[in-house]
Amino acid sequence: MFRYYLILFLTFLILLFPRNIFAESSYVLPYPSAMPGSIIYKLNLIQEELLRFWYFGDFGQFKYNLSQSDKYLVEAKTLFDYKQYLLAFQDLQKSDKYLKKIEPAILSAKKNGKNTTDKKKLLKEAAEKHIEELLKLKQNLPQTFKWRPEKQQGRTLNLSEAFENSIRVRQEAL
Amino acid sequence: MNIVVSIFILTLVLFSIFTYSFVDINLSYLSNLYTGLYLNQRILLSIIYSSLIVVLFSCSYFLLTNLNRLKLNLNKLILFIVLATIFAYPAALTFDIFNYITTAKVTFLYQENPYVVYPIEMLNDPYLAFTRAANKTALYGPFWILLTVIPYFLGLGSFILTLFSFKVFIALFYIGTIYLMRRIDKTAAFFLALNPLVIIESLISSHNDIVMILFALLSLYLFFQKNYMSSFLSILGSVFIKPATLFLTPVYLGLLKDRIFGKKINQEKAFKYSAILMFIIFVLSPIREELYPWYAIWFITFTSFLRKNKFLQSLVLVFSLGLMLRYIPYMATGNYFGLTPIIRNILMITPVLIFLIYTWLKRYSLLR
């Protein structure tokens with residue numbers, strides 16, 4: 001009988017202190033690159049524009065947009081950690097913008113007779129990983145944040161909505 | 001003379017036929033010619049290969065050491081050499097031609113950047129079955145990729161036609177190099193034209209090194225003609241095929257210095273330093289990958305102009321023989337590892353050592 005009580009008690013304890021456990025995706029995100037504010041970051045922005053042309057072709061565009069989406073997600077994550085909410089918010093939106101461009105690249109490749117099976121699989125893995133990271137981040141952030149820059153008007157950042165939107169974009173890619 | 005030339009050409013024809021023993025099992029386009037000999041008769045093929053190579057180098061040695069006595073017609077010689085080898089199967093010794101074709105396909109058919117997209121990403125592409133290094137992005141410079149648009153489209157979408165249009169395209173650069181050399185020094189042209197390594201690697205295996213070399217040589221020629229802008233563009237073209245010719249920079253700096261100070265350009269000195277620099281980069285090439293026999297074309301082209309140095313010409317020919325022997329261990333065992341690398345180096349060095357000992361003994365009259 002004691003055994004049943006023990007199980008019941010432990011179940012109660014687990015329910016009392018809920019803890020989200022995320023599915024671990026095998027997709028690997030890149031290291032954080034240069035952060036806003038550094039000179040290298042400005043150079044990176046120029047490089048980003050140049051690479052857009054270098055990565056021509058359907059698969060090239062797939063790779064380019066996915067790598068940029070990954071990069072900005074990691075950047076946003078780092079900036080959120082340092083409570084640089086405005087910059088992080090903007091990076092998250094950039095990551096979404098690039099992610100939205102991946103599907104059209106796959107469709108174009110398919111239209112051009114290319115086998116896109118592995119690209120679709122990769123996009124799915126990436127989207128899963130992104131969602132996993134976004135859910136982790138969302139837990140530790142406020143719903144909204146009032147950003148008050150010096151000598152400028154303040155701005156309310158709806159972080160909750162931004163996260164919902166980012167997750168939805170990625171769920172559409174699944 | 002005619003007999004030796006005939007034996008040389010006939011051996012090249014036999015070598016071309018011999019290359020078909022290596023038709024890849026996965027090359028469905030030539031499945032009718034597949035024999036499986038390269039898998040089942042390795043030792044026999046190695047013996048045949050060694051014999052053909054020895055005959056070719058012996059003929060070449062005889063013809064080159066008797067150039068003054070023999071009145072060889074370069075035009076006829078080139079015509080017969082090209083005809084004897086142009087229909088050979090190009091992937092008997094290496095598979096680079098498949099890589100050239102697949103990279104061209106990724107660029108011009110799939111319209112993807114070959115420096116970003118791997119050929120292997122083109123799932124279900126039939127060329128992947130026999131293309132090596134399909135998991136690597138483009139291995140060659142952008143100018144080479146740009147040039148390949150010509151043979152690729154001349155292939156009209158047919159693999160066999162594309163394969164042979166690549167062969168003909170590269171053969172044109174071999175012919176171009178010989179004729180350019182002839183404009184500079186007629187006799188020197190024979191040293192390149194008759195070197196079996198140059199013939200096999202440029203006309204049979206169709207390596208693009210001869211393309212890189214033609215642009216480098218053209219650049220030097222244009223410099224001698226005081227056409228500096230064209231010379232610069234030509235060496236730029238060469239570097240953007242393979243960056244090896246970047247090592248010729250000191251030669252150009254020396255030539256520019258002489259020109260600025262009003263000194264007479266010493267062509268032989270320019271070729272001598274080009275040969276030395278190209279030999280240095282050849283020797284250093286294992287740092288990047290390994291010592292491939294066709295890299296020897298880089299310095300053989302320039303040593304050919306130093307024809308007055310008979311010892312050097314013989315040494316280059318003997319070393320070329322040693323380099324061609326490097327193919328034997330893999331051909332015989334089908335294994336790149338184990339003892340293969342050691343035996344390969346021993347085979348490469350042995351003819352050179354024998355030649356040096358022979359020369360030393362001869363010099364000190366020990367053989368008289």
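## Chain A: surface and make-up

Chain A has an accessible surface of about 11300 Å², and 60% of it belongs to carbon and sulfur atoms. Such areas come from the Shrake-Rupley method with a 1.4 Å probe, and for residues only the protein chains shown count as cover. This is a predicted model, in which local features need pLDDT of at least 70 and side-chain atom pairs count only at pLDDT 80 or more, while totals for chains, interfaces and linings use all residues; side-chain values use heavy atoms, with hydrogens and water left out. Residues are numbered from 1 along each chain as its sequence is written, and chains are lettered from A, with ligands numbered from 1, in the order in which they are written.

Chain A holds seven helices and two strands. Here helices (H or I, at least four residues) and strands (E, at least two) are DSSP runs, numbered from the N terminus. Read from the N terminus, the order is α-α-α-α-α-α-β-β-α. Of its 174 residues, 39% count as buried, where buried means under 20% relative accessible area, exposed over 50% and partly exposed in between (1.4 Å probe, protein chains only). Among the contacts in chain A with a separation of 6 or more, 71% join residues 24 or more positions apart; a contact means heavy atoms within 4.5 Å.

## A buried glutamine in chain A

With a relative accessible area of 6%, Gln68(A) is buried. Setting aside neighbours within four places in sequence, Gln68(A) is in contact with Glu48(A) and Tyr98(A).

## Chain B: overall build

Turning to chain B, its secondary structure comes to 18 helices and zero strands. The C-alpha trace spans about 60 × 50 × 40 Å along its principal axes. Its radius of gyration is 21 Å, which agrees with the value near 21 Å for a compact globule of 368 residues. That radius is taken over C-alpha atoms, and the globule rule is 2.2 Å times the number of residues to the power 0.38.

In chain B, 56% of the 368 residues are buried. Residues 24 or more positions apart make up 73% of the contacts with a separation of 6 or more. Chain B exposes about 16800 Å², with carbon and sulfur atoms supplying 68% of it.

## A covered helix

Helix H9 of chain B (residues 186-193) is mostly covered, as six of its eight residues are buried. These are Ala188(B), Ala189(B), Phe190(B), Phe191(B), Leu192(B) and Ala193(B). They pack against H3, helix H4 (74-85), H8, helix H10 (196-204), helix H15 (297-303) and H16 of chain B.

## Aromatic pairs

Over all chains, a search of the whole structure finds 51 aromatic pairs. Rings of Phe, Tyr and Trp (its six-membered ring) pair if their centres lie within 6.5 Å; planes under 30 degrees apart count as stacked, over 60 as edge-to-face and the rest as tilted. Tyr49(B) and Tyr327(B) form an edge-to-face pair, because their ring centres are 6.4 Å apart and their planes are at 90°. Tyr49(B) lies in helix H3 (residues 42-65) and Tyr327(B) in the loop between helix H16 (310-325) and helix H17 (328-333), so the pair ties together parts that are 278 residues apart in sequence. Both tyrosines, Tyr49(B) and Tyr327(B), are buried.

Another edge-to-face pair is Tyr152(B) with Phe153(B), with ring centres 5.5 Å apart and planes at 80°. Tyr152(B) is buried at 8% relative accessible area, whereas Phe153(B) counts as partly exposed at 46%. Tyr49(B) and Tyr327(B) also belong to one aromatic cluster with Phe15(B), Phe18(B), Phe22(B), Tyr34(B) and Tyr38(B).

## Loops with positive phi

Leu156(B) is not a glycine, yet has a positive phi of about 50°. Leu156(B) sits in the loop between helix H7 (149-154) and helix H8 (159-184) of chain B, and is exposed with a relative accessible area of 70%.

Lys226(B), likewise a residue other than glycine, has a positive phi near 65°. Its place is the loop between helix H11 (209-224) and helix H12 (228-239) of chain B. Lys226(B) counts as exposed at 55% relative accessibility.
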